[in-house]
Amino acid sequence: MPKFSAYQGELPECLNPLNLRHYLLLAYWTYFRPTALKTYLYQVEPDFYRAAPGLQIFYTLRTPFYRNLYLIIPIVGLGLSSLIGLILLLIIDWQTEQSINWLGWLLGAMAGVTIGVLFFVLFLIVFGTTVSIARGLVTGSIVGLASGVPNGVLFSVVLGVSENLQTLTIASQSGTIVTLAASFGLAVGVAVGMAIGGTIGAIVALTIGSAGSLIIGIVFSLIIGTMQAITTAKAITGIAFGLTIGIAASAAGGADLNPARNIFSVITICGAVSVAFGFCFGWQVGLLTTTISILCALRIPFYGVELLWSLCSSGQSIGHPLDWDELLIFRLPGIRRRLNQQLQCSEQQGLSTLCNLACNPFQRWAAQYVLKTYLHQQPSPFRCLYTLLTHPIADAYIFAPVTQLGWERLPTIKQVLLGELNGKWVDCTVDVTGSLIERLVYHLTLSLRHSKPTPLTFFAGLLLQLLARNAPESRDEMLSLLSNNFSIYTNLVDYSEGLEIQRSFEVMHIFLACDRLSALPQTVNLASSLPRPEGSIRPQLLIALNRLQDIGLDIVTYLTSVSRVNKQAALLRANSALDNLDDYVIAEVLIPEQIILRHIIHHWHRLISEAGGDIGYVETSTPVPNPYVVGNPVFGHTFVGREDIIQRLEELWASPQPPSIILYGHRRMGKSSILHNLKAHLGGQTIVINFNMQVVGSVNNTNELLYALAIEIYDSLPLTQQSELDEPQHNHFTSHNPYQTFWRFLKQLDKIRDKHRFILAVDEFEILEELIKENTVEQRLIGFWRGLVQTYPWFIMIFAGLHTLDEMRKDYWSPLFSSIIAIPVSFLSAGAVQKLVTQPSPDFDIEYDREVVEEIYHLTNGQPYLTQLIGHALVTHFNHLVFEEGRQREKRLTLEDLETVINSSEFYRDGDAYFSGIWKQAEVSRPHRQLEVLCNLCCAKLSLSKLVEETSLSVEILQKALETLRRHDVIKQENDLYTYTVELMRYWVKRMKVTKNLNNNSNV
């Protein structure tokens, strides 16, 4: 959706009646920058600005943003009208030596402002209740000030030259008052009603016509008695009335959608009202009034000032009128030169000015001429073109919308500029009348445009068709568009970077035209001809096309596989990749090409869905083998998500002095699986010795521990090396110094190892800590191991255990662990969980709903044991339903299945090894009182202050407990609230807490 029309400059957050600058701003907005007023009203409350018409327009009185605006409008009107009226009276006094009636001057200014206020209320209510809230706010504000100022000037001048205000003859002039009021009201009402059109326009015309007559009748009755002054000063009267009507009408036009239609509307109003004046005061006054009003409606008085201004702004130091007047009508000198200068000095700033100028249909020719010339002068015109298309202002509406039709139909600035480049008129209106008028303005300025077509301008036309309101909505329409414009994007090779445009559109065309899944692999190979994204003008598009090429690899798997399971898995991966690509395209790719890419993605989705249906339904005849591994280390296909740790180990151990490693994390986090899969990633020259302390934990002393270690190393050797090395003897370790015996064993191994390196993987290391604390194993073993890894670079140790293993580096273990690199083993990523759940084995043929995989990740946060446990429970649940209860169902797991599994007592019984391990570690580790924190967090997320209140712990103790739990990955902090890292752990604690409460109640 386009953005709201941009305003270049700072706007006050809220107008302040005590700030003189805000009064001047409002006057400036009214006569020169109505978009600024619309932006101010929009930024206050966008939803209210876009609201449908209704009585809620009266709610604006409750808000200071609107109240202050309403208060400032009459004050600005009174200030400007009295000041300008005074200047005119002084000029009249100087020319005619006629005395000034100061009371008349003041009353006249007040009368004019009264007209403005009455029209403000009238337009605010009528438009706000019949057209839209925005139309009421904008039209009421601009018309109120635009009519109040010139009317105040008019009346202050007319009454200021009247010698005696006491000789009013209102009764005798009642016919004139009624005629003038009715003519004025009818003219304005009909002009406004025609501008709106339809039933609403008729209602508005009737309302404004009748209410306008009443307003004009009241005010003109105050001055109609000055007929003598009018009769003796017909020229002054005609000029004054003309200025009043013309300036009011020209400024009030800024409240509409389209400046072009505004000009014709205000000329109509000026003509009608001037005829009414001529009827009342004589044809001379009418003719003079008509001439002056139309000239003012065309902003001729402003044009004179702006003409001199533009002549003085040849340099950069003085701003050109195009920088501050968005209602320019006639051509001013230096516009094209000024635009070129800005583009050369700062392309971004120049494009901003160019976009703003394109919003004015009378000056759009200059934007077109400069842009087209500038693009064709650039060495990389397409890069510049796409810079324009991605410019923040270019994506804004061409005019600030004030009606629902405006929000729906108005094009963006970049659409208009693309049309201008292509030499085509773009409709910037929402009705037939406005369309005809703007088309007329386009043709009147056509000779000022750069009309020569080029391949670049033809390509701009193609982009415009993609951005248009009636852009292709079906694949067939998009194919037809690309086919019909084939010659356009294939003729761009002569431009710098034109080859990238050509190749990318050709590839998108072919991708979209492919109507068989079997042809996709050959089709996507065409993406290899694309340039690399780095340094390209549209890297996001090229990345998306390359990802489509990668999706083709899954299609190849589907086409070549003989296994139905593998076919389904390949299609599932392709579908998932397309979903992810669709999200990327929406977020990153520019809209012209984004539209084509999304057609391709949806078309490929349809092909894949058809292929999935062709695989057919196969009845389940035997229970599904459960591929998920619960509790034991995983190998091969199911070992996923630890690529970063394996890569880190490979990098560390590739150095000439490879360090030893600590792997630490919670139980069931996958540390043992990492150790068991090391050999598959480290090459044939590495021998991994898995030394699980649970297996050798029954040793009676250090001698037996070192003997067990020596035996494990010996048994891991190739047979050729075993024959060259004496097998370790138990009595050598028990009757001699075990350290010297083991050292001698390694020296002998060093002689025959044949460039092999040995990695000793010590799992469940915390058991060794217990043995040392019990004095079963000597503490000096630690220093001995440190000497080994420092002496023999080919002898590497990797320890795996709980978080306390990392903390050992701070106590008596530090001689060993201070020089060892610690690597945490934490949770799996969302992508790894998806792969683990949906593809636990090559022949797994149960599918998951997308929501199920997302919910599993939410519940486990990527905890591998719990992820495997849920998968195992789901397969067991599926087999139970189908083969024990005899239900017929599709091989697909849903959220209902997941909820059934995680709400069962069996699930928490099976997962107790994990849950209890976390609980016990929190119970025994320092600081104490961690369990109180966990119990209080099981019902809701809590802040630190709330936890202090619930646990009655001091802030210092609580912070230490929270930090330990956070470091151990049990809890996390979200903003200022603490919660469980693993949602299922919270469920378990909550269930355990409820169970304890029930048991306590039963005992009572």
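Reader: Which residues does N936 touch, not counting those up to four places away in sequence?

Author: This is a predicted model, where local features need pLDDT of at least 70, side-chain atom pairs count only at pLDDT 80 or more, and totals for chains, interfaces and linings use all residues. Residues are numbered from 1 along each chain as its sequence is written, and side-chain values use heavy atoms, with hydrogens and water left out. Contact here means heavy atoms within 4.5 Å. By that rule, N936 touches L942, L947, E950 and T951.

Reader: Where does N936 sit, and is N936 buried or exposed?

Author: N936 belongs to helix α47, residues 930–937; helices (H or I, at least four residues) and strands (E, at least two) are DSSP runs, numbered from the N terminus. Buried means under 20% relative accessible area, exposed over 50%, and partly exposed in between (1.4 Å probe, protein chains only). N936 comes out at 19% relative accessibility, so the label is buried.

Reader: How many helices and strands are there, and what share of the residues count as buried?

Author: The secondary structure comes to 50 helices and 10 strands. The protein chain has 1004 residues, and the share that counts as buried is 55%.

Reader: Which residues touch the most other members of the largest nonpolar core?

Author: A nonpolar core is a set of buried Ala, Val, Leu, Ile, Met, Phe, Trp, Tyr and Cys residues joined through side-chain atoms within 4.5 Å. The largest one holds 134 residues, and those touching the most other members are W29, F459, F505, L548 and L597.

Reader: How far apart in space are I133 and A51?

Author: I133 lies in helix α6, residues 133–160, and is buried because its relative accessible area is 0%. Leaving out neighbours within four places, its contacts include F48, Y49, A51 and G128. I133 and A51 are 82 residues apart in sequence, yet C-alpha to C-alpha they are 5.8 Å apart.

Reader: What is the angle between the planes of Y42 and W407?

Author: A pair of aromatic rings is described by the distance of the centres and the angle of the planes. Rings of Phe, Tyr and Trp (its six-membered ring) pair if their centres lie within 6.5 Å; planes under 30 degrees apart count as stacked, over 60 as edge-to-face and the rest as tilted. The whole structure has 39 such pairs. Y42 and W407 make a tilted one, 6.0 Å centre to centre, with an angle of 35°.

Reader: Why does this pair tie together parts that are 365 residues apart in sequence?

Author: W407 is buried, at 7% relative accessibility. The pair ties those parts together because Y42 lies in helix α2 (residues 34–44) and W407 in helix α18 (residues 404–409).

Reader: Which residues are joined into one salt-bridge network?

Author: Side chains of opposite charge can pair when their charged atoms come close. A salt bridge is a side-chain nitrogen of Lys or Arg within 4 Å of a carboxyl oxygen of Asp or Glu, and the whole structure has 26. E593 and R538 form one, with their closest N and O atoms 2.7 Å apart, and both residues are buried. Bridges that share partners make one network of E500, R538 and E593.
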